Amino acid sequence: MKILGIDPGLRTTGFGVIDKQGNKLAYIASGTIKTPDADLPERLKTIFASVSEVIATYRPDCAAIEKVFVNVNPQSTLLLGQARGAAICALVFGELKVAEYTALQVKQAVVGQGKAQKQQVQDMVQRLLSLSGMPGTDAADALGVAICHAHSGDVLAALSAMAPGLAKKGLRVKGGRLIG
């Protein structure tokens, strides 16, 4: 399964493509999409077109994108949300299922702790994918999103397989907790 990870940004959007075969992850590609120093619509157009090009080039099976975190500056949060929206539109237009993960979830999946620094994420991405060099921060974050999805997919599949048995016992999951 080929997974495309996206780390959205208005100036720089990171992307990373990995392949998952069983428990093994393999690096396919990564990079950044730089937007021109132009008005907002032109930047969003660049993000949409470039993500669409990445999809056409690497033909992923699914995609994952980092959720927007609420920033100290509301204007920055809104702009980031619009960049994320342009990327999501390209993913959906490319007929990909899109999963969303918080930065905390990505860091926990890649490093093992939610308060990891960018350097730690870069180091672990390099190790997990056996890269010869250190990826840039935006590309590493995007690869981290893809890795997070690769790991989460297994958990979600296991939970889906368990659900019918739990339902027969009168149990269900609500808010991440098992209730009877």
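Guide: Welcome! Let's start with phenylalanine 48, which has a relative accessible area of 29% and is partly exposed.

Visitor: What makes a residue with 29% partly exposed?

Guide: Buried means under 20% relative accessible area, exposed means over 50%, and partly exposed is what falls in between (1.4 Å probe, protein chains only). The 29% of phenylalanine 48 falls in between, so the residue is partly exposed. Please note that this is a predicted model, in which local features need pLDDT of at least 70 and side-chain atom pairs count only at pLDDT 80 or more, while totals for chains, interfaces and linings use all residues. Residues are numbered from 1 along each chain as its sequence is written, and side-chain values use heavy atoms, with hydrogens and water left out.

Visitor: Why are phenylalanine 48 and phenylalanine 93 called a tilted pair?

Guide: Rings of Phe, Tyr and Trp (its six-membered ring) pair if their centres lie within 6.5 Å; planes under 30 degrees apart are stacked, over 60 edge-to-face, and the rest tilted. Here the centres are 5.9 Å apart and the planes stand at 55°, so the two rings pair and the pair is tilted. The count by this rule is one aromatic pair.

Visitor: How do you know that phenylalanine 93 is exposed?

Guide: Its relative accessibility is 65%, which is over 50%, so phenylalanine 93 counts as exposed.

Visitor: What makes arginine 43 and aspartate 37 a salt bridge?

Guide: A salt bridge needs a side-chain nitrogen of Lys or Arg within 4 Å of a carboxyl oxygen of Asp or Glu. Arginine 43 and aspartate 37 meet at 3.1 Å, N to O, so they qualify. Arginine 43 is buried at 7%, whereas aspartate 37 is exposed at 75%.

Visitor: How many salt bridges does the structure hold?

Guide: Three. Another of them joins glutamate 100 and arginine 84 at 2.2 Å, N to O.

Visitor: Why is arginine 84 called buried?

Guide: Its relative accessible area is 12%, which is under 20%, so arginine 84 is buried. Glutamate 100, at 40%, is partly exposed.

Visitor: How do you know that lysine 118 and aspartate 141 form a salt bridge?

Guide: Their closest N and O atoms are 2.5 Å apart, which is within 4 Å, so the pair counts. Lysine 118 is partly exposed at 46%, while aspartate 141 is buried at 9%.
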